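Good morning, and thank you for coming.

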Amino acid sequence: MTEATKIAIQASSSDPKVGLRGVAALRRLVERLETLQVKNARDLGWTWQEIARELKVTKQAVHKKHARRRFLAGR
Amino acid sequence: MFERFTGPARGAVVFAEEEALGLHHNYLGTEHLLLGLLRDSTSVGRKALDRLGIGLDEVRSEIVRVVGEGQPDALDDEDAAALRAIGIDLNEVRRRVEESFGEGALERIAPAGRRGRRKACGSSIGQIPFTPRAKKVLELALREAKALRHDYIGTEHILLGLVREREGLAAGILAERNVSDERVRTVVSELLSGN
């Protein structure tokens with residue numbers, strides 16, 4: 001039995017440790033995917049407004065989170 | 001704070017962040033700014049460092065020797081297992097991301113700013129906070145630019161800021177290699193006058 005399968009089986013016993021670990025990993029995965037997608041959208045010429053609409057957040061929120069790095073990168 | 005930075009100077013800060021991430025450091029210190037300057041071989045700061053005999057690889061290994069490397073924040077096997085436990089196949093996600101964005105896309109990307117985290121010195125470039133000394137370096141760079149009556153902040157001013165800051169790791173590394181502010185000033189003015 002692989003380590004992953006063991007952990008998956010433990011999860012069905014509703015162990016908070018495993019469940020919370022899953023949430024933490026998911027959050028980190030989401031952050032990475034968001035950065036990747038926002039960067040791609042900007043490279044394709046999308047406005048912050050358009051990106052914000054798809055992410056279902058305010059334009060200010062997405063700008064605050066992602067714009068500074070792009071500004072520094074000279075784009 | 002970065003409004004008057006030249007393109008290469010902004011680039012140096014972005015490279016500095018990349019270097020910090022690469023070493024798995026959770027702060028952006030003077031040592032990363034020095035590495036950032038060394039990353040762009042066309043910048044005045046880098047050219048000055050070339051003339052002063054300071055190289056990227058040497059500086060990087062010195063930094064690792066002194067402060068070590070941090071723990072990687074990558075999505076690892078344990079994350080994959082935790083995600084599988086809630087029904088998400090990380091390998092499949094990775095495969096699809098790489099299909100669209102190329103190999104290693106998920107690993108290369110650094111997550112954006114984390115809301116709610118302490119912002120050291122109020123000048124973070126998205127995710128890693130500047131140390132007080134790194135911030136001091138940028139303030140000194142601004143001061144150097146003003147003293148030279150330049151209306152921009154370039155990589156040469158950041159380099160001058162690094163040697164003048166005195167207490168940080170970068171200043172230490174430069175001092176150990178006999179790079180004084182005087183020598184930097186001389187080399188920079190040579191470069192700026194085209195010699």
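Does B:G68 count as buried or exposed? At 19% relative accessibility, B:G68 counts as buried, where buried means under 20% relative accessible area, exposed over 50% and partly exposed in between, with a 1.4 Å probe and protein chains only. B:G68 is found in the loop between α4 (56–67) and α5 of chain B. Leaving aside residues up to four places away in sequence, B:G68 touches B:H25 and B:I63; contact here means heavy atoms within 4.5 Å. B:H25 lies 43 residues from B:G68 along the chain, and their C-alpha atoms are separated by 9.0 Å.

A word on conventions. This is a predicted model, in which local features need pLDDT of at least 70 and side-chain atom pairs count only at pLDDT 80 or more, while totals for chains, interfaces and linings use all residues. Residues are numbered from 1 along each chain as its sequence is written, chains are lettered from A and ligands numbered from 1 in the order in which they are written, and side-chain values use heavy atoms, with hydrogens and water left out. Helices are DSSP runs (H or I, at least four residues), numbered from the N terminus.

Let us turn to helix α3 of chain B, residues 44–51. Its buried residues are B:G45, B:A48 and B:L49. Seen down the axis of α3(B), these fall within an arc of 100 degrees, so they line one face of the helix; the arc is that of the directions from the helix axis to the C-beta atoms. Their cover includes α2 (30–39), α9 (155–165), α10 (169–176) and α11 of chain B. After α3(B) comes B:G53, with a positive phi near 75 degrees.

The packing of α3(B) against α11(B), residues 181–192, has an angle of about 125 degrees, with the axes 9 Å apart. Axes are lines fitted to C-alpha atoms, for helices over the stretch in contact, and angles run from 0 to 180 degrees between N-to-C directions. That makes α3(B) oblique to α11(B): under 35 degrees counts as roughly parallel, over 145 as roughly antiparallel, 65 to 115 as roughly perpendicular and the rest as oblique. B:V44, B:K47, B:A48 and B:R51 of α3(B) make the contact with B:V187, B:V188, B:E190, B:L191 and B:L192 of α11(B).

Finally, between the chains, α2(A) (residues 16–43) and α5(B) (residues 77–85) pack at about 110 degrees, with axes 8 Å apart. That makes α2(A) roughly perpendicular to α5(B).

Notes
Helix = DSSP H or I, 4+ residues; strand = E, 2+ residues; numbered from the N terminus.
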